[in-house]
Amino acid sequence: MSDVKLTAETRTEFGKGAARRIRRAAKVPAVVYGHGAEPIHITLPGHELQLALRKSNVLLTLDIDGRTALAIPKAVQRDPLRGYLEHVDLLTVKSGEKVTVEVYVHTEGDLAPGAYLLEHVLSTLTVEAEATHIPESVTVSIAGLAAGDSLLAKDIPLPEGTTLVIDEDAVVLQVLAAQAEEAAADSEAATTEA
């Protein structure tokens with residue numbers, strides 16, 4: 001898990017006009033929530049935040065007017081056409097605290113020889129992990145899997161201290177026989193019979 005330090009400024013202006021002025025100044029409006037405290041409205045440096053959010057489950061160390069706070073992104077709003085950041089909601093966390101997050105499932109290895117398709121039923125897993133040790137992703141081997149095989153959530157190896165939040169019998173990956181191969185074989189059989 002990566003830890004990024006950002007300097008935040010508290011803001012007192014709200015609304016669309018204020019948000020536009022903030023974005024014109026190459027900053028991003030954000031709100032920090034958590035632990036029953038009043039939300040803190042801040043601005044963050046746009047470029048640094050954009051780079052930080054390229055990594056999933058990034059831990060942000062915020063310097064808010066001389067106070068330090070740890071936070072994770074909870075909701076990120078982007079412009080649908082240009083992709084730039086419009087607004088970010090952050091959730092404060094404490095070292096040692098457990099948080100629930102989504103982690104991406106990556107695969108390694110090759111399927112068994114044959115015409116098979118790998119279907120990602122779930123591309124992410126919901127897990128609970130310690131706030132300062134959130135995994136960016138989990139990796140599972142698909143080596144040797146053939147048509148009809150599937151991997152369940154309980155089959156995915158998780159880092160130490162990380163637990164599943166979703167049903168452990170949920171299908172994450174499944175291997176299917178390629179339909180095009182079967183259709184081609186059926187048409188060849190029909191041609192030879194005629």
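I take a pocket to be an open set of points, on a 1 Å grid over the protein atoms alone, where a 1.4 Å probe fits, with protein on both sides within 12 Å along at least five of seven lines; its lining residues have an atom within 4 Å of a point.

I note that this is a predicted model, in which local features need pLDDT of at least 70, side-chain atom pairs count only at pLDDT 80 or more, and totals for chains, interfaces and linings use all residues. Residues are numbered from 1 along each chain as its sequence is written, and side-chain values use heavy atoms, without hydrogens and water.

**Second largest pocket.** I looked up its lining and found Val32, Tyr33, Gly34, His35, Ala37, Glu38, Ile40, Ile64, Arg67, Thr68, Ala69 and Thr92. Strands β2 (27-33) and β5 each supply at least two of the lining residues (strands are DSSP runs of E, at least two residues, numbered from the N terminus). The largest contribution, 3 residues, comes from β5.

**Largest pocket.** I then turned to the largest pocket, which 17 residues line; Ser56, Asn57, Pro73, Lys74 and Glu102 lie nearest its centre. Here too β5 gives the most, with 6 residues. Domain 1 (4-93) and domain 2 (99-177) both contribute to the lining, so this pocket lies between them; the domain bounds come from an automatic or database assignment.

**Sheet.** I traced an open sheet of 4 strands in the order β10-β7-β9-β12, with mixed pairing (two strands pair if DSSP finds at least two bridges between them). Strands β10 (137-141) and β12 (163-164) stand at the edges with a single partner strand each, so one side of each has no neighbour in the sheet. Strand β7 (residues 98-108) pairs with β10 in the parallel sense over 5 bridges.
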